[in-house]
Amino acid sequence: MDNSKKQVSVLFMLFSILFCVCLIAANILETKQISVLGISLTGGLIVFPVSYIINDCVCEVWGYGKARLLIWTGFAMNFFFVATGAICDAIPGAPYWNNDAGFHAIFGLAPRIAAASFVAFVIGSFAYVMSRMKLHDGARRFSARAILSTIAGESLDSLIFFPLALGGVVPASELPKLMLWQVVLKTAYEVVALPITIRVVRALKRHEGEVYDRGVNYNIFKIFELQG
């Protein structure tokens with residue numbers, strides 16, 4: 001057995017930690033709907049697109065197998081955080097505690113958001129599009145791969161996530177506009193960050209090498225099949 005295929009690098013571990021933090025932060029920030037220049041958005045927009053950028057970098061450098069592991073690890077940590085928050089929410093507050101309503105407003109909705117986010121992310125961005133495009137293009141056109149995979153992933157993500165997570169919470173008339181703006185602004189987020197992403201990917205490739213997913217198994221449940 002080639003043990004190198006079962007190992008991860010320190011850089012991959014650091015990217016994984018950042019990915020987990022982004023998912024957990026987005027899960028909490030999504031509980032607040034915000035207004036920017038009259039446009040209704042969710043607070044998760046501040047950080048969630050970073051998870052897509054990390055996913056692009058990981059898939060480009062380390063391959064689909066490690067991107068799949070990254071995503072499963074991120075959501076496992078997210079569900080752990082949400083579960084502990086739900087348990088704490090269910091335990092009666094101390095006699096002097098007077099913020100039950102505020103705490104429940106965040107952690108009462110968080111499990112639903114986490115579940116919706118997981119379903120949407122699995123369907124919309126399990127790195128499949130990025131991986132297949134790289135096999136077609138070789139090492140060329142990373143920018144196009146990153147943007148097109150984001151448009152595809154974010155579109156599916158938003159179409160699935162918002163009805164599941166916020167249906168009945170956000171007025172039905174607002175949901176289509178909310179979904180559209182999320183796709184547009186998350187894609188714009190990736191475009192603005194692209195020069196930095198390109199430099200990060202180049203630096204990672206110099207240090208880590210590069211993986212092409214020839215013959216990879218795209219089954220999302222093959223979590224520990226790390227080779228590209």
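Helices (H or I, at least four residues) are DSSP runs, numbered from the N terminus. The model is predicted: local features need pLDDT of at least 70, side-chain atom pairs count only at pLDDT 80 or more, and totals for chains, interfaces and linings use all residues. Residues are numbered from 1 along each chain as its sequence is written, and side-chain values use heavy atoms, with hydrogens and water left out.

Helix H1 (10-29), helix H5 (110-124) and helix H7 (142-166) each supply at least two lining residues, and H1 gives the largest share, with 3 residues.

Next, select helix H2, residues 48-62. Of its 15 residues, 14 are buried, so the rest of the structure largely encloses H2; buried means under 20% relative accessible area with a 1.4 Å probe, protein chains only. Gly 63 follows H2 and has a positive phi, near 95°.

Now display Phe 12 and Trp 62, an edge-to-face aromatic pair with 5.5 Å centre to centre and 75° between the planes. Rings of Phe, Tyr and Trp (its six-membered ring) pair if their centres lie within 6.5 Å, and planes over 60 degrees apart count as edge-to-face. Phe 12 belongs to helix H1 and Trp 62 to helix H2, so the pair ties together parts 50 residues apart in sequence. Both Phe 12 and Trp 62 are buried.

Finally, select Trp 72, Phe 75, Phe 79 and Phe 118, which ring pairs link into a cluster.

How values were computed. The expected span of a helix is 1.5 Å times one less than its number of residues. Buried means under 20% relative accessible area, exposed over 50%, partly exposed in between (1.4 Å probe, protein chains only). Rings of Phe, Tyr and Trp (its six-membered ring) pair if their centres lie within 6.5 Å; planes under 30 degrees apart count as stacked, over 60 as edge-to-face and the rest as tilted.
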